[in-house]
Amino acid sequence: MTVDTQKETLGFQTEVKQLLHLMIHSLYSNKEIFLRELISNASDAEDKLRFAALKDDSLFEEDPDLKIRLDYDEEANTVTLSDNGIGMTRDEVIQNLGTIARSGTAEFLGQLTGDEKKDSKLIGQFGVGFYSSFIVSERVEVFTRKAGRPPEEGVHWESAAEGEFSIEPMTLEDRGTKIVLHLKKEEKEFANGYRLRNLVKKYSDHISFPVVMKAESDEKDAEPKEETVNDATALWTLPRTEIKDEEYKEFYKHIAHDFEDPLTWSHNKVEGKLDYTSLLYIPARAPFDLYQREAPRGLKLYVQRVFIMDDAEQFLPLYLRFTKGVIDSNDLSLNVSREILQNDSTVESIRTALTKRVLDTLSKLANKDAEKYQTFWDEFGTVLKEGPAEDVANQQKIAKLLRFASTQTGERTQNVSLDDYISRMKEGQNKIYYITSDSFTAAKSSPHLEVFRKKGVEVLILTDRIDEWMMGYLNEYDGKQFQDVARGELDLGDVETEEDKKHQEEATEAHKDLLERIKTALDNRVQDVRVTNRLTDSPACLVVAEHDMGLQMRKIMEAAGQKMPESKPIFEINVEHPLVQRLENEKGDERFKELSAVLFDQATLASGEQLEDPGAYVSRLNRLLLDLSN
Ligand code: ADP
Ligand code: MG
């Protein structure tokens, strides 16, 4: 093995440069969080060492007393944070402090506008971290040596954040990591014992490890003693009654790498058949990579207070992946691995319980604080919508949490619950009606809504890509079936009077020839032509047959490269409409064909669809317009 003995200067990955810039300029009013981030990293490093030492306790190297040391030097204007945790190798330093491994980062940073207000919101989606030290420092030095490696494999890293860093080997007796912040002149306030103590108390009181500082002493030459400045008991091990909201919030920021408060949390100690403690948080903002397959998700797993792993995704279903938190189990073994977690019945039981816990927490939030729940919904609603398909057992609970736009509110905001909907159902109505579309505007003016408007029946407006897929799994809620207003025969229940129904039957009988004639005129383009009970103002509309795939789903599948079997729509006509009456009176076969085609194309357009042959439509329409003016 060759050990590099040279000092080298390397460039940061482009994304790091952008992130550093963003961080320094947008987090200025939050600058003190750098200390929480560094302590959080130090605490993670101690956790990782303790875990590694379960297998190999020589890693403790005669220094099993895990702690974090905070120092400052007023004269030199520095703050120093050291841990005796796992440390880093040279390669790890380059990887961890020189690049960003999260996929999608480049695209994410591409959204930067240069407007600091807007961009500082973006940083919230990313999470801060080690680089936040540059908010207050003009130069940062890292000294680190991996536990179990010889002193000569120590590494010295240094950067002034100007696009590059240097790295060189250095003999380091102590394992772990020491970070020296050379503060900017204007940040002198941080090289102060009282200020630092305050910050530790405020942000890091309940990490699992002691943070020690030299005791402040009045006597110049007295040998300074060391004192622990935080509480140093893991927050989740304390009884709920002893924990303040502020402490819950700070702990969230420590584990979630977030710098905003969570929306809500749930802390529970379970004893009996299972024995575990969980502390689960619902964040206020979605991370930028919520939809990336390989994005980290899941809880931090501890076994008997010992950290085992981050991102233990086996404890929650995918549709609850926004949940952050800690699970500390007394049933699992300390040498549990990801593979074991996958087929473990204890894990399965905890997962079932935690799933229920998260759903209950959300339901409580919805009942208690509609505004906060709306924030949750706007950020994570589309993820929760994966629930009905993934978790059939909890379908009804999930359905209760769903929110929709609706014809009743006329707002784009998804804020109508199924319970709201049911409470407004008309007498005789027994179904929950919805329309799916690519856009809210198109849905709102769809001809399919005409009869609902006339009867005053509310229709939910579903415009997310996932909606049609979700509705494929959701058949009913509270004993009421869902009905897509653009699909199959429209059953309006008793909202439609006997008279209405009779009228439709009679109309079908009376216009039998017309229906047949249109079907022939449209050749093979439609499955059937029917007299509609959906329309009041429009002449015609398209309907998807009961068991065919909807248009939205179809488009998604086709976009994904799937070849879909051909499915033809049903063409419904409004025989009261003057244009249809005009069609019925048309004697010329050619003209009849033209008019039918125009009606069909218009119905396609009104469904928000593209025409197969827009040119043909335009010339047909123009011919008809010319006829009109003759
Ligand atoms: P995060 O903590 O979210 O992973 P950071 O930017 O805070 O992101 O840190 C980046 C990585 O650098 C960490 O994941 C860890 O691997 C490494 N690191 C940072 N500080 C330390 C430390 N004190 N000891 C060991 N590794 C560290
Ligand atoms: Mg960190």
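Predicted model: local features only at pLDDT ≥ 70, side-chain atom pairs only at ≥ 80, totals over all residues.
**Entry 1: the shell around ligand 1**

I first looked up which residues surround ligand 1. I found Asn 41, Ala 45, Asp 83, Met 88, Asn 96, Leu 97, Gly 129, Phe 130, Thr 177 and His 257. I sorted this shell by residue class and recorded four nonpolar residues, five polar and one charged. I then asked which helices each supply at least two residues of the shell. They are helix H2, spanning 33-55, and helix H3, spanning 90-98.

**Entry 2: polar contacts of ligand 1**

I next examined polar side-chain atoms beside the ligand. For Asn 41, I noted such an atom 2.8 Å from an oxygen atom of ligand 1. For Asp 83, a polar side-chain atom lies 2.9 Å from a nitrogen atom of ligand 1. In the side chain of Asn 96, an N or O atom is 3.1 Å from an oxygen atom of ligand 1. I also looked up the surface: ligand 1 taken alone exposes 530 Å², and the protein buries 77% of that area.

**Entry 3: the five-stranded sheet**

I turned to the sheet that contains strand E10. Its five strands follow the order E10-E11-E14-E12-E13, and I recorded an open sheet with mixed pairing. At the edges I found strand E10 (264-270) and strand E13 (306-312), each of which pairs on one side only. Neighbouring strands are turned against each other by 15 degrees on average, direction ignored.

I followed the pairing of E10 with strand E11, residues 276-282, and noted seven bridges in the antiparallel sense. Within this pair, Thr 264 has Ile 282 of E11 as its bridge partner. I then looked for a helix on this sheet and found helix H10, residues 345-368, packed on it. Helix H10 touches E10, E11, strand E12 (299-303) and strand E14 (324-329), and its direction makes about 40 degrees with that of E11.

**Entry 4: the three-stranded sheet**

I then examined the sheet that contains strand E20. Its three strands follow the order E20-E22-E21; this sheet is open, and its pairing is mixed. I recorded strand E20 (528-531) and strand E21 (540-543) as the edge strands, each pairing on one side only. From one strand to the next, the twist averages 25 degrees.

In which sense do E20 and strand E22 run? I found them parallel, with four bridges joining E20 to E22, residues 570-573. The bridge partner of Asp 528 in E22 is Ile 570. Finally, I noted that helix H19, residues 512-521, lies across E20 and E22 and runs at about 150 degrees to E20.

Key. Residues numbered from 1 in each chain as written. Chains lettered and ligands numbered in written order. Heavy atoms only, no water. Pairing = 2+ DSSP bridges. Axes fitted to C-alpha atoms, helices over the stretch in contact; angles between N-to-C directions. Contact = heavy atoms within 4.5 Å. Near = heavy atom within 4 Å. Polar contact = N/O pair within 3.5 Å; in protein donor to acceptor, adjacent residues only side chain to side chain. Areas by Shrake-Rupley, 256 points an atom, 1.4 Å probe, with all protein chains shown as cover. Nonpolar A, V, L, I, M, F, W, Y, C, P; charged D, E, K, R; others polar.
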